[in-house]
Amino acid sequence: MTDSNINTAELKKLAVKVRLKTLEVLGDLGFGHVGGSMSVTELLTALYFGGIMNIDPARPRWEERDWLIMSKGHAGPTLYTILAMKGYFPVSELGTLNQGGTRLPSHCDRNLTPGVDMTTGSLGLGLSAAVGVALGHRLDGKKSMVYLIIGDGECQEGQIWEAALFAAQKKMSNLTAFVDYNRQQLDGYTKDINDLGDIGAKFGSFGWYVQDIDGHSFEEIIQAARNSWKEKERPSIVVMNTLKGKGCSYAEGVLENHHMIITDENTKEAIACLVKELKKLEETK
Ligand SMILES: Cc1ncc(C[n+]2csc(CCOP(=O)(O)OP(=O)(O)O)c2C)c(N)n1
């Protein structure tokens, strides 16, 4: 059920296609959480298409599946593109994003979207939810992994650290968390608002297995996930160094890229850049 044969070159092309579709949908809407959606594109592509997650799109609630909790629920648009490409629902449905009656609200909702495992959006809660699910899996004797994506700004929430302590206490080795360490939050740089210091060291001191990687490198993401599987005693945290807005011409490198008004010109330009990038990748042997 996993796509373990997809190689890195194919994953890179797929990530461009994910960005293309996500930016097309956000562009049609005219606004949205561009920055934090773009920075998790490689991670989601690797998890769903790189042979990491054990899932079956035909059975979204399959009992033995691995779970993905997108705690930074505002990155829903990229998750939806991935789920549609994976076959959980038609790609054409992506055009209903954030509109009345949609199954694809701006933030993730497990009661609406096939393939979404947890309702999120109120930051700081996802780690507690993930620990609960992972504990449940263990009590049920399941081998399922729980993967979690949290923001760096989100780590300023106190509840993250209570859950981190508990996960280590319970030796939750079936939990692998990824911090999207893009160094930005809604209103500026995390270091200027509530500095996280060495976030990896902090989790390490709580008893977690820590890895620090380039969050846009498929090789490093996949290796980090595989390393986490070998842990038998500790939950894993992967600090992913990323760029907020990565790969989107009008958002990358822009401080105010958290939630943006998107013009048709913006979308045209971003899509043209990505189409060029895809062509280059397709020409590379
Ligand atoms: C409890 C809570 N407080 C505030 C918000 C509003 N909010 C939405 S996204 C965001 C910034 C999050 O920053 P970060 O976790 O770094 O996410 P990223 O930069 O990757 O988008 C904030 C403050 C929220 N959703 N939940």
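A residue is buried if 20 or more other C-beta atoms, placed from the backbone, lie within 10 Å of its own, exposed if 12 or fewer do, and partly exposed in between. The model is predicted: local features need pLDDT of at least 70, side-chain atom pairs count only at pLDDT 80 or more, and totals for chains, interfaces and linings use all residues. Residues are numbered from 1 along each chain as its sequence is written.

**Exercise 1.** State what share of the 285 residues in the protein chain is buried.

*Solution.* Apply the cut-off above to the chain. Buried residues make up 49% of the 285 residues.

**Exercise 2.** Describe how helix α3 (residues 41-49) packs with helix α4 (residues 76-86).

*Solution.* Step 1: the axes, lines fitted to C-alpha atoms over the stretch in contact, come within 10 Å and cross at roughly 30°. Step 2: angles run from 0 to 180 degrees between N-to-C directions, and those under 35 degrees count as roughly parallel, so α3 is roughly parallel to α4. Step 3: residues are in contact if their C-beta atoms, placed from the backbone, lie within 7 Å. Thr41, Leu44, Thr45 and Tyr48 of α3 meet Thr78, Leu79, Ile82 and Lys86 of α4.

Terms used
Helices (H or I, at least four residues) and strands (E, at least two) are DSSP runs, numbered from the N terminus. Angles under 35 degrees count as roughly parallel, over 145 as roughly antiparallel, 65 to 115 as roughly perpendicular and the rest as oblique. Two residues are in contact if their C-beta atoms, placed from the backbone, lie within 7 Å.
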